[in-house]
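I opened the model to go through its helices, its metal site and its backbone angles. My notes follow the display.

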Amino acid sequence: MGSGAQARQPGAPVREPYRTLQGWAIGLLLEVHAIKECEEHGHMLDRTDPDAWKRAREIASKYPFRGATPAEAVRALDDVMQSVGDTCPECK
Ligand SMILES: [Zn+2]
């Protein structure tokens, strides 16, 4: 779906806290505590909390990322969920 490279005018102020759909999805999942960040390595970890995931999906469908449809926003959450493990690969 190519959400990566967006042309931005040089010098234009960046007001939005999240510039990509994926960044927004991660921010939302952190906010509802569906994922957490490894304090030592910065990896995102699944907290395996079904209620938190449900809450994130509800928020995403009600308040999707700017320019995205609710379906796209929820799909972005799923993408993050699939890329995140429940243990940090560097914590042994
Ligand atoms: Zn770690």
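Which residue with a positive phi follows H1? I looked it up: H1 is followed by His-33, with phi near 65°.

Ground rules. I am working with a predicted model, in which local features need pLDDT of at least 70, side-chain atom pairs count only at pLDDT 80 or more, and totals for chains, interfaces and linings use all residues. Residues are numbered from 1 along each chain as its sequence is written, and side-chain values use heavy atoms, with hydrogens and water left out.

Entry 1, overall layout. I found three helices and two strands in the chain; helices (H or I, at least four residues) and strands (E, at least two) are DSSP runs, numbered from the N terminus. Along the sequence the pattern reads α-β-β-α-α. Of the 92 residues in the chain, 27% are buried (under 20% relative accessible area; exposed is over 50%, partly exposed in between; 1.4 Å probe, protein chains only). I also checked contacts (heavy atoms within 4.5 Å): of those between residues at least 6 apart in sequence, 52% join residues at least 24 apart.

His-33, in the loop between helix H1 (21-31) and strand E1 (35-37), has a positive one. Thr-48 has a positive phi too, of about 45°; Thr-48 sits in the loop between strand E2 (44-46) and H2.

I listed the buried residues of H1 as Leu-21, Trp-24, Ala-25, Gly-27, Leu-28 and Leu-29. Their cover includes E1, H2 and H3.

The axes come within 9 Å and cross at roughly 130°; axes are lines fitted to C-alpha atoms, for helices over the stretch in contact, and angles run from 0 to 180 degrees between N-to-C directions. H1 and H2 are therefore oblique to each other (under 35 degrees is roughly parallel, over 145 roughly antiparallel, 65 to 115 roughly perpendicular, the rest oblique). I checked the contacts: Trp-24, Leu-28 and Leu-29 of H1 meet Trp-53, Ala-56, Ile-59 and Ala-60 of H2.

From H2, Trp-53, Ala-56, Arg-57, Ala-60 and Ser-61 meet Pro-70, Ala-73, Val-74, Leu-77, Asp-78 and Met-81 of H3.

I looked at Ala-68, in the loop between helix H2 (50-62) and helix H3 (70-83). Ala-68 counts as buried because its relative accessibility is 15%.

Which protein atoms are the donors of the zinc ion? I get Cys-38 (SG), His-41 (ND1), Cys-88 (SG) and Cys-91 (SG), 1.9 to 2.4 Å from the ion. Donors are N, O and S atoms within 2.8 Å of the metal (3.2 Å for Na, K and Ca); water is not among the atoms, so sites may look incomplete. The four donor atoms make angles of 105 to 117°, and the site is tetrahedral (four donors, all angles between 85 and 135 degrees). The donor residues are spaced C-x2-H-x46-C-x2-C. Cys-38 counts as buried because its relative accessibility is 8%, whereas His-41, at 30%, counts as partly exposed.

Terms used:
Four donors count as tetrahedral if all angles lie between 85 and 135 degrees; four count as square planar and six as octahedral if opposite donors are over 155 degrees apart and all others between 65 and 115; anything else is irregular.
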